[in-house]
Each structure stands twice: as C-alpha cells, then as structure tokens.
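Here is a short report on charged side chains and their surroundings. Look at the structure first, then read on.

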Amino acid sequence: MIEELGGVTTQLISLALDASLLRHEVIANNIANVDTPGYQVKSLRFDEQLSGFTSLLRHAEDSSLSAQIESVKANLSEGGSLVVSENETVQLDREMVKLTENTLRYQAILKAAGKRGELLSMAI
C-alpha cells in the first residue's frame with residue numbers, strides 16, 4: 001500500500017537507503033581490518049547500477065521503472081557482486097571520511113523522505 005501511495009519515488013528512496021546501509025557495512029569492515037596483514041580495501045560499486053536510471057526516469061512508465069528498481073534491489077541485497085576489492089591497503093583516514101560522508105548521505109535521504117511524507121500527509 002505504501003509503495004502504491006508513494007509510487008516509484010518511495011521505491012527509489014528505499015533503494016538509496018539500502019545502498020547506503022551496505023556501503024556502511026563495507027566501510028566498517030575495512031576499518032575493522034585496518035591492521036590485518038594482506039587485507040585489501042573493499043568498496044561498493046553501486047553507482048554504476050544507477051547510471052541507467054536517468055534515461056529511464058524520462059522515458060519509462062512507472063511499471064517498467066519499478067521492475068528495474070526491483071532488479072537493482074535484488075542485486076543489492078545479494079551484495080557480493082557489488083563489493084569489490086581494490087589493490088590497496090586500508091587507509092584509516094580515508095575510510096573515516098567515507099564513513100562520515102555516507103552517514104551524512106543517509107541522514108539527508110531520511111530527511112527528504114520525511115519531508116515527502118509530510119507532503120503526502122497534508123495532501124491526504
């Protein structure tokens with residue numbers, strides 16, 4: 001029911017929050033392994049998954065866009081194919097910056113979702 005009320009926007013917000021959560025887990029794993037010999041930094045390659053959405057948003061109807069979102073969400077929930085190893089060691093300062101950036105992004109998405117909810121509430 002909520003997805004019907006919010007449409008594709010609600011699905012995109014949910015997808016962005018899921019991606020942010022997985023990115024947070026990857027960064028936390030990197031930080032936890034900062035002193036592990038031979039450990040290579042892992043990163044989330046999710047942005048490439050979203051690159052095709054721009055053209056879809058302009059030309060697609062909600063049902064095809066919704067199907068595309070569900071496909072990306074399924075790939076995100078598996079996570080394994082999106083998390084890749086880099087050929088470098090963990091730099092704690094860089095990981096802390098990534099963690100802060102990801103936290104701010106997550107908070108911004110939540111705030112935007114709340115504002116959208118307020119607008120829907122007023123409309124109802």
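Lys98 and Glu95 sit three residues apart in helix α5 (residues 92-123), so about one helical turn separates them. Helices here are DSSP runs of H or I with at least four residues, strands are runs of E with at least two, and both are numbered from the N terminus. The side chains of Lys98 and Glu95 form a salt bridge, with 3.4 Å from N to O. The term salt bridge stands for a side-chain nitrogen of Lys or Arg within 4 Å of a carboxyl oxygen of Asp or Glu. Side chains of opposite charge can pair when their charged atoms come close.

This is a predicted model, in which local features need pLDDT of at least 70 and side-chain atom pairs count only at pLDDT 80 or more, while totals for chains, interfaces and linings use all residues. Residues are numbered from 1 along each chain as its sequence is written, and side-chain values use heavy atoms, leaving out hydrogens and water.

**The salt bridges**

How many salt bridges does a search of the whole structure find? The search finds three.

| Salt bridge | N to O distance |
|---|---|
| Glu88 and Arg94 | 2.5 Å |
| Lys98 and Glu95 | 3.4 Å |
| Glu101 and Arg105 | 3.5 Å |

Glu101 and Arg105 are both in helix α5. They are four residues apart, about one turn of the helix.

Now consider exposure. Buried means under 20% relative accessible area, exposed means over 50%, and partly exposed lies in between (1.4 Å probe, protein chains only). Glu88 is partly exposed at 32%. Glu101 has a relative accessible area of 47% and is partly exposed. Arg105 is partly exposed too, at 34%. Lys98 has 28% and counts as partly exposed.

Is Glu95 buried or exposed? Glu95 is buried, at 1% relative accessibility. Its place is in helix α5. Which residues does Glu95 contact, leaving aside neighbours within four places in sequence? They are Ile27, Asn30, Ile31, Val41 and Val90. Contact means heavy atoms within 4.5 Å.

With Asn30 there is also a polar contact, side chain to side chain, at 3.1 Å. A polar contact is a pair of N or O atoms within 3.5 Å; within protein, one must be able to donate a hydrogen and the other to accept it, and residues adjacent in sequence count only if both atoms are side-chain atoms. Val26 is 69 residues from Glu95 along the chain, and their C-alpha atoms are 9.9 Å apart.

**Asn102**

Asn102 also belongs to helix α5. Asn102 is buried, at 1% relative accessibility. Beyond residues up to four places away in sequence, Asn102 touches Ser20, Arg23, His24 and Ile27.

**The whole protein**

The protein has five helices and two strands. From the N terminus, the order is α-β-α-α-α-β-α. Of its 124 residues, 26% count as buried. Take the contacts between residues at least 6 apart in sequence: 78% of them join residues at least 24 apart. The protein exposes about 8000 Å², and carbon and sulfur atoms supply 56% of that area. Accessible areas come from the Shrake-Rupley method with a 1.4 Å probe; for residues, only the protein chains shown count as cover.
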